[in-house]
Number of protein chains: 2
Amino acid sequence: MIEQYGRFEARLGGPSGGNPFTDVELAAVFIHGHRHVRVRGFYDGRGEYAVRFMPDSPGEWTWRTTSNAKELDGRTGTFEVAPAAHHGPVQANRFGFAYADGAPYVPVGTTAYAWVHQPQEVRDRTIATLSAGPFTKIRMCVFPKHYTYNTNEPESFVFPGSLDRGFDHSRFDPAFFALFEAELDRLLELGIEADLILFHPYDRWGFQDLPADVEERYLRYVVARFASFRNVWWSMANEWDFMAKKTVQDFHRYFRIVQEEDPYAHLRSVHNGLLIYDHALPWVTHASVQRSDTDRCHEWRTQYGKPIVIDECCYEGNLAEGWGNITGQELMRRQWTAVISGGWPGAHSETLYNDRHEFWWSKGGDLTGESPARIAFLRRILEEAPLDRLEVVRPKWPPCHLAAGDYYRLHYYGLERPLWKQIELPAGAAYHIDVIDTWKMTVTTVPGTHTGRAQVELPGREFMAMRVRKAE
Amino acid sequence: MIEQYGRFEARLGGPSGGNPFTDVELAAVFIHGHRHVRVRGFYDGRGEYAVRFMPDSPGEWTWRTTSNAKELDGRTGTFEVAPAAHHGPVQANRFGFAYADGAPYVPVGTTAYAWVHQPQEVRDRTIATLSAGPFTKIRMCVFPKHYTYNTNEPESFVFPGSLDRGFDHSRFDPAFFALFEAELDRLLELGIEADLILFHPYDRWGFQDLPADVEERYLRYVVARFASFRNVWWSMANEWDFMAKKTVQDFHRYFRIVQEEDPYAHLRSVHNGLLIYDHALPWVTHASVQRSDTDRCHEWRTQYGKPIVIDECCYEGNLAEGWGNITGQELMRRQWTAVISGGWPGAHSETLYNDRHEFWWSKGGDLTGESPARIAFLRRILEEAPLDRLEVVRPKWPPCHLAAGDYYRLHYYGLERPLWKQIELPAGAAYHIDVIDTWKMTVTTVPGTHTGRAQVELPGREFMAMRVRKAE
């Protein structure tokens, strides 16, 4: 029995001569009551074809293939779908996110660009680290990564071939995809969304500069294989504006192809280097932003009208490079600042020096920094908030704070280190006040309840927050 | 004998009946060779008038008065001026400042808005603190200040009167001015420039909302009295945009009056709250900026074409107010960031809580914070730099650095905490490299000389800088 939002797969024998990747067209229609959903199938090597499907409704589904290969055409089947025992896939929900069943999803993200392109032993450690950590999302590349500290050759690639022999862009390597999919499934088991980076400029293999027809075939193949994974997000590129030979129209085109091919409308965005893409465009579901001035999330909200995820704001580390050497404190300050101005904390990664040159940011492996524990704490605070009703309040004087009607408020003081703060509470109601140390990870409730003007003592340290909750 | 750029004063008996402040016009022309300089005189009470003059050239000067009062008209005299034993007044010099003799002036500023309006005992401590400190400039108000933590009534005012009885705007109080001038002289002895704030919005006496004719008389009187103090700068207002009943045209008008009245062209600017004045206007000599994003000084340089002084970027303190509770480290990071992007560090002040509510920022007194020692260190680094040839280099990737040809360079790493940095030095020349800890205040010269690509070890801490000097 297939679970709702689980993955159905029909495996079909078919032609293996010529180039099945380009010669053979295969699709299937999945039918449930009045609904017909068309998905593309794909060639998986050795004369095997597959059609995958993620049913969004319980009950009976039937399917029927169409193909230009006679033996693949008109194949049919029926399967039963059981109601989900989980929340379903994540979708954008105004300025935030929610699972399909309406439960709020809090994007607490990390980045390990090339973790799937590392040896099994490193991948296993990555999964172990993720299973112990606070993250609900990871940014990761489909193509391998060529960049400082990351020059090892992966075992397999999207295309068959190698750097020495060249790559056959007319075919794909099913072994690579099987490996990649196994890792997607391990993330799914951990409840972690896979923010898949489809293109990027860190390249010595020519993958950032493919012809348009190859790019299109690649995108169709990737979506045909991955879209039925409930936890997949599509990021058209990392630092799209650093791909020197591509224009903004190329990225529009990637969005169009992915949107056409993905029947489930997984989340779609594109991540900037210096120039933020126009996330107001209709095919973008949320903004994936690289910026260090994360207090501007409320502006971007207004500009784009969509959820803002800060996916990079420099990493906890001590490398020479300016993007990779801030403290955990500063990373957390930027993430809290993002949250308090209406964004989401997707920006963790780690570049703390070790002699193996195995940095989480690129290869995965182990985390040794100070920020993950504080990210877990931030996640807890967010999960305790009435996320579906949370608004950004922009007072005449910055900073912003978050509020839900007259019954919840969250202030964050960042680099301020006041000995006290006055807050104005609605008269005629009683409130609990929590003093939160976001670095020491403590929540201290001020004794009693409060109303009207309240003066709250603070410890005169940085990184404090204050939470107000209406008493029942 | 009067010293060059010293202060000559002729005191003249004249009419004391009626209202000499409004009835009597007095001016004098000071003549040296072919030069004729006209200055306005002023009534000093008790039938005494004065004409003050700051001669800019050694040698013989003669003077002659004009007045609508017969006994003050046609008075003459002669005096001899000796060459200056000091550098003279400060003027803008492209993006920096220089004394009249060409020696560079480094604006290292602090703010104690209402220190002159405090009792003698507090003023004496202020002067003692300044004499021990690193500051070369202080921002201070002419009118008293009404603001949180600063509600004590001063002993005297610009105008005769009191809050209870009201003020006579048609007269001035010579006792107040004598007191103020004595403090200007004490600053002068310490080599400290007095950045005089002529208007401001922190007011319970109505001084932020005077009629235009009173404002004009006030400005003419102030300039007549103070312009001959070599160390005076004119700041039209503090947080000009918070003076709700004044328009930008009012501030243009203040500039015009001050420029007309001041024969020495002392430095002129105006300090913003949220909205920066258009410092590109021709009557502005330098930009007096309040901003926390001090890495933008290079933009403002380009925009205004003048020196940029960061005069406020939040204070070292622990008050409830967001402008008054950052750490000394953060204040210094903002000041270093200003310097490295082409601005000047005028932004010190202190709001560390004490039960007396005597905060340096407002009342002066004592300094107890961590930043003054680091400001002294920054001043030393600046004074060791080839200031007259220093350019801001804006690389493709921030941050900026400072450079003077191929023989000097200054990098600042701020919140970065790299374990090393690579720098590219011109081949064929040898360089000394200094690793600077701007917080611990150490300069450590890397052994040997360096050329070409050099990799420099750093301690993996924040607030580091690197200085490169060409070996002789």
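Analyst: In this predicted model, chain B holds an open sheet of five strands, and their order across the sheet is S1-S8-S7-S3-S4. The pairing within this sheet is mixed. At its edges lie strand S1 (2-3) and strand S4 (35-40) of chain B, each of which pairs on one side only. The partner of S1(B) is strand S8 (residues 76-82) of chain B; these two strands run in the parallel sense and are joined over two bridges. Within this part of the sheet, Glu3(B) is placed opposite Ala82(B), a residue of S8(B).

Chain A has three parts: domain 1 covers 2-82, domain 2 covers 90-388 and domain 3 covers 405-470. Taken over C-alpha atoms, the centres of domain 1 and domain 2 of chain A are 28 Å apart. Where these two domains touch, domain 1 of chain A contributes 16 residues and domain 2 of chain A contributes 15 residues. On the domain 1 side of this contact in chain A, helix H1 (20-23), strand S4 (35-40) and strand S6 (48-53) each provide at least two residues. The most come from S4(A), which gives four residues. By class, the residues on the domain 1 side in chain A are seven nonpolar, four polar and five charged.

The two chains also meet each other. The contact between them involves 20 residues of chain B and 20 residues of chain A. On the chain B side, strand S27 (residues 420-424) gives the most, with three residues. The side of chain B that touches chain A is made up of nine nonpolar, six polar and five charged residues. Of the interface residues of chain B, 100% are also interface residues in chain A, so the copies meet through the same surface.

The last point is how one copy is placed relative to the other. In general, a rotation about an axis and a shift along it relate two copies of a chain. Here chain B is superposed on chain A by a rotation of 180° with 0.0 Å of shift along the axis, and the RMSD is 0.0 Å. The two copies are therefore related as by a two-fold rotation axis. In chain B, the C-alpha of Asp293(B) is the nearest to this axis, at 4.8 Å from it.

Technical notes
Residues are numbered from 1 along each chain as its sequence is written. Chains are lettered from A and ligands numbered from 1 in the order in which they are written. This is a predicted model: local features need pLDDT of at least 70, side-chain atom pairs count only at pLDDT 80 or more; totals for chains, interfaces and linings use all residues. Copies are superposed by least squares on the C-alpha atoms of residues with pLDDT of at least 70 in both. Two residues are in contact if their C-beta atoms, placed from the backbone, lie within 7 Å. Two strands pair if DSSP finds at least two bridges between them. Domain bounds come from an automatic or database domain assignment. Ala, Val, Leu, Ile, Met, Phe, Trp, Tyr, Cys and Pro count as nonpolar, Asp, Glu, Lys and Arg as charged, and the others, Gly among them, as polar.
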